[in-house]
Amino acid sequence: MSPKKILLKFPSGIVEKPLIYHLVKDYDLMVNILKANVNPSKEGSMVMELSGDSPNYDQGLDFLRRQGVIVDRLSEGIVRNIDKCTHCGACTSICPSGALYISRPSMEVIFEDDKCVICGVCLKTCPVKALEPSVNGGNGKQ
Amino acid sequence: MLPAEMPGISGEDVHVGVKKTYAEINEKIKSGKVVVVTAEEIIGMVEEKGVETVAREVDVVTTGTFGPMCSSGAFFNFGHSKPRIKMHRVWMNGIPAYTGIAAVDAYLGVNELPDHDPLNSNHPGEFRYGGGHVIEDLLAGKAIKFEATGYGTDCYPRRKIDTYLTLDDINEAFLFNPRNAYQNYNIAANVSDKTIYTYLGTLKPRMGNAHYCSAGQLSPLLNDPYYKTIGIGTRIFLGGGIGYVSWNGTQHSPCGARGENGVPLGGSGTMAVVGDLKQMKPEWLRGTSFRGYGATMTVGIGIPIPILNEEMVRYVSVKDEDIFAPVVDYSYDYPNCTGKTLASVSYAQLKSGVIEVNGKEVPTAPLSSYVKAKEIAETLKQWISKGDFLLGEPVQTLPSADSGITGKSLIEKSAP
Ligand code: SF4
Ligand code: SF4
């Protein structure tokens, strides 16, 4: 099964538990952490790509839910409307994953879909709304 | 100020400088013999051939900038309805326009927002649609909703009108921007512990990023730092069409500190510009939203600089590494007008993607598109090379470093 992007939200107090270790060991899932914002005393969040065989996959997610983790499947992606983009660069310093960056010396703004962790910050930051959510997963690599 | 160039008068080895007039350059444009290059291309040419040769060879250097310019807007005359109405309030796609002028005239400012916009009530607000977006929609050929109310007079009895308008339905529509193309500008950073939302974008805490907003070596007023060829009547690229410099811009402040090359080390000069909106293009006047700040418009401007002499070659060959701008904290110093700056860095450093401020490496990002600035300079170059665009000789140049102009602050006083 091809990897799916999921967003995990941890209420405070459960961050210390070795949950990801159990996903890998007990459920035989493959984990690729794209972004983690965890702090032992606060609530945290994590975006990861998760893949594995189908009964194990769902059981793994159920295990997380039983531990109090909120699991969201990120079916949406981000696309850049290249006709609207002015290559201003305003999105490049706020994108946490480096998916939006400036190519030098041309100063063109590049969007690398693969690196996007779908945090959504750029949707609100792009001054001309050139970055758009796409419901069927992003393919706007341009 | 640099001394004006003195041509030699006598003697065998006295250097007689290159001299050209606007009329001579315009003749070359008409006969197709003009040589035009961009402010980026000229840099390498001067390094290779020297100032004098380039002054002989090149007639015009084109510049460009494409950035958010808040002090912009357009005047409209909507024509008279039957019966007539004196428009006391006007809304264009729900955005109010200023009507304190004659009956069916109005001015739409690009920062204007709908009457019931949530603004920053749920901070940071989105400001998705404002006056600049209306201008972009009109240029894209869209019909906009037009509403006006009047209080009724004997000569203008009507009290209300609701209709739809396209740009073709409107009599006059001209862009009039009171302050555009700042010569240089602050670099914004945020030293506080929380994210802030400014007209220079979203600034991360503890100097997590720094935003600048200039095309640097391509920017119009940085290529003619003392405005020797720019003034009332200078013909320019404006919003994809042709426009004119009509006055100095508001907050024009030419007397601040300058580097040895004459380039201002901070904000400095500005221009007021005007042009027929009907021949402009939506891709060069873009409605723009700054989260937590407001709506505005991104404006494309390009100025051709005539190479009248060698002095102008020296000015237009300015490079990013020779242009400096101040880094300013927008969490405290800017809002409170302390006048403090954190550092001075060059556009070469800014464009590299990282600057150093007080020992810390700070990632940078622009808000002004260098890609589009280049496209503007290239377009203007083509217009001139093809003979479609003649230079306008200013009837009066902008007030310069010897004008004594300084900006005043607004002081609170009791009634006199
Ligand atoms: S902020 Fe928007 S317009 Fe600017 S470079 Fe990014 S995607 Fe393009
Ligand atoms: S959603 Fe936008 S800001 Fe977030 S990672 Fe993807 S491209 Fe970057």
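Me: How many residues has the largest nonpolar core, and which have the most contacts inside it?

Reply: A nonpolar core is a set of buried Ala, Val, Leu, Ile, Met, Phe, Trp, Tyr and Cys residues joined through side-chain atoms within 4.5 Å. Buried means under 20% relative accessible area (1.4 Å probe, protein chains only). Here the largest core has 106 residues. Those with the most contacts inside it are F76(B), F78(B), M92(B), I135(B), M271(B), L277(B) and I301(B). A second, separate core of 18 residues includes F10(A) and L23(A).

This is a predicted model: local features need pLDDT of at least 70, side-chain atom pairs count only at pLDDT 80 or more, and totals for chains, interfaces and linings use all residues. Side-chain values use heavy atoms, without hydrogens and water.

Me: Which residues come nearest to ligand 2?

Reply: A residue counts as near if one of its heavy atoms lies within 4 Å of the molecule. Around ligand 2 there are 13, and C95(A), C116(A), C119(A), G120(A) and C122(A) come nearest.

Me: Which residues are around ligand 1?

Reply: Among them are C85(A), H87(A), C88(A), C91(A) and C126(A).

Me: How many residues of chain A are in contact with chain B?

Reply: Contact means heavy atoms within 4.5 Å. By that rule, 22 residues of chain A meet 24 of chain B.

Me: How many salt bridges and polar contacts are there between the chains?

Reply: A salt bridge puts a side-chain nitrogen of Lys or Arg within 4 Å of a carboxyl oxygen of Asp or Glu. Between chain A and chain B the count is 0. A polar contact is a pair of N or O atoms within 3.5 Å; within protein, one must be able to donate a hydrogen and the other to accept it, and residues adjacent in sequence count only if both atoms are side-chain atoms. The interface has 10 residue pairs in polar contact, both at pLDDT 80 or more.

Note on methods. Residues numbered from 1 in each chain as written. Chains lettered and ligands numbered in written order. Buried < 20%, exposed > 50% of the residue type's maximum accessible area, 1.4 Å probe, protein only.
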